[in-house]
Amino acid sequence: MKEKLQNLKDSANKEILGCRNLDSLRELEIKYLGRKGELTQVLRGLGGLSIEEKKETGPLANEVKIFITKLLAEKERGLQDESFKEELGKEAVDITEPGRGREFGHLHPNTTIQYGLEDFFKSLGFMVLDGPELESDFYNFTAVNIPPGHPARDMQDTFYINGHPDWVMRTHTSPVQVRAMEKYGAPLRMIVPGKCFRNENTDVRHEHTFYQLEGVMIDKNISFNHLKGMVEAVARYLYGDDTKVRLRPKFYPFVEPGVNGEVSCFLCKGKGCRLCKNTGWLEIFGAGMIHPNVLKAGKIDYKKYRGFAFGFGLTRLVMLKYDIEDVRLLESGDLRFLRQF
């Protein structure tokens, strides 16, 4: 029995030390220490020995078991270390290799113009408000003096919601005028920049999604002079102190009277060029004195308060500033285009 145990120890020592991977080591563990392993079979045979033989063989058998167990554990740690070093070698970083650099995003040109105008109007005491893009027919049309059947509705190709005829994707930022009047009352100074939607046949000048910036000022004794002064201040902020403004009559259902606002071309200084189509003027906004019906819809006493409203096409301002000829590029998500700004 002693000779058998010694041979088992020598055999296990040789095989374990010569093992090259963890899977083979697991097989050796089962071979020697498993339920049907060689050492387990020897230990079970101790029951048939005499008491004297057990006293001699028992300690040796226990010594062999401890030896094999310890040897297996040491070999496992060694193989694990080798495996780790091998993986580490595969993933080693060459610190002399040039860095790749990380590309950072930046503001969209629409956002750049919007933030600049927001800062300008906040310096004049205006609030910056927002409103829902999915709007009710009432706020989008009726409350701004475009009731059902009004011909002005035909001027705006609207996205209606299937199964919900009273809900639309807002066609302009004007609905927030009335929402702001209801919430804050008068006096009121506010602007609302935001996204609008119209069912357009898209081309270089038309897009189904675009941005506007609407402004409103309501107080006692507000006159057309205040409106003209405001739009002139905005024009000079955008295009320089020498910018001229001209106002021409135009119909808008939510103002009375209404005007179409043009500024002298900042590129040719009014002489005529490709940008202004040789007119010397750029159309950039619509404005007017708020219609009494709109004030009433906003629960404002139109006999006590008056106000003016103006609206810029933010998308158009961006196109003019950066000389962009195709409006569709702004919503394309094309990084080749956006990286230019």
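What is the strand order of the open three-stranded sheet? Point 2 has the answer; some ground rules come before that.

1. Housekeeping. This is a predicted model, where local features need pLDDT of at least 70, side-chain atom pairs count only at pLDDT 80 or more, and totals for chains, interfaces and linings use all residues. Numbering runs from 1 along each chain as its sequence is written, and side-chain values use heavy atoms, with hydrogens and water left out.

2. The open sheet. Its order is β2-β4-β3, with antiparallel pairing. β2 (134–136) and β3 (159–161) are the edge strands, each pairing on one side only. On average, neighbouring strands here are turned by 45° against each other, direction ignored (axes are lines fitted to C-alpha atoms, for helices over the stretch in contact, and angles run from 0 to 180 degrees between N-to-C directions). For the record, strands (E, at least two residues) and helices (H or I, at least four) are DSSP runs numbered from the N terminus, and two strands pair if DSSP finds at least two bridges between them.

3. Strand β10. β10 (residues 306–313) runs antiparallel to β6, with eight bridges joining them. It also pairs in the antiparallel sense with β9 (residues 281–290), over five bridges.

4. Glu214, worth a look. This residue is found in β6 (residues 209–219), and its bridge partner in β10 is Gly311. Glu214 is buried yet has no salt bridge; Arg198, the nearest side chain of opposite charge, is 8.4 Å away. Here buried means under 20% relative accessible area (1.4 Å probe, protein chains only), and a salt bridge needs a side-chain nitrogen of Lys or Arg within 4 Å of a carboxyl oxygen of Asp or Glu. What the Glu214 side chain does have is a polar contact with the side chain of Gln177, at 2.5 Å (a pair of N or O atoms within 3.5 Å, one able to donate a hydrogen and the other to accept it; residues adjacent in sequence count only if both atoms are side-chain atoms).

5. Helix α10. In α10 (residues 314–322), the buried residues are Leu314, Thr315, Leu317, Val318, Met319 and Leu320. Their cover includes β5 (188–197), α5 (109–123) and α8 (224–239), along with β6, β9 and β10. Asp323 follows the helix and has a positive phi, near 55°.

Notes. Buried < 20%, exposed > 50% of the residue type's maximum accessible area, 1.4 Å probe, protein only. Lys, Arg positive; Asp, Glu negative; His and termini not counted. Contact = heavy atoms within 4.5 Å.
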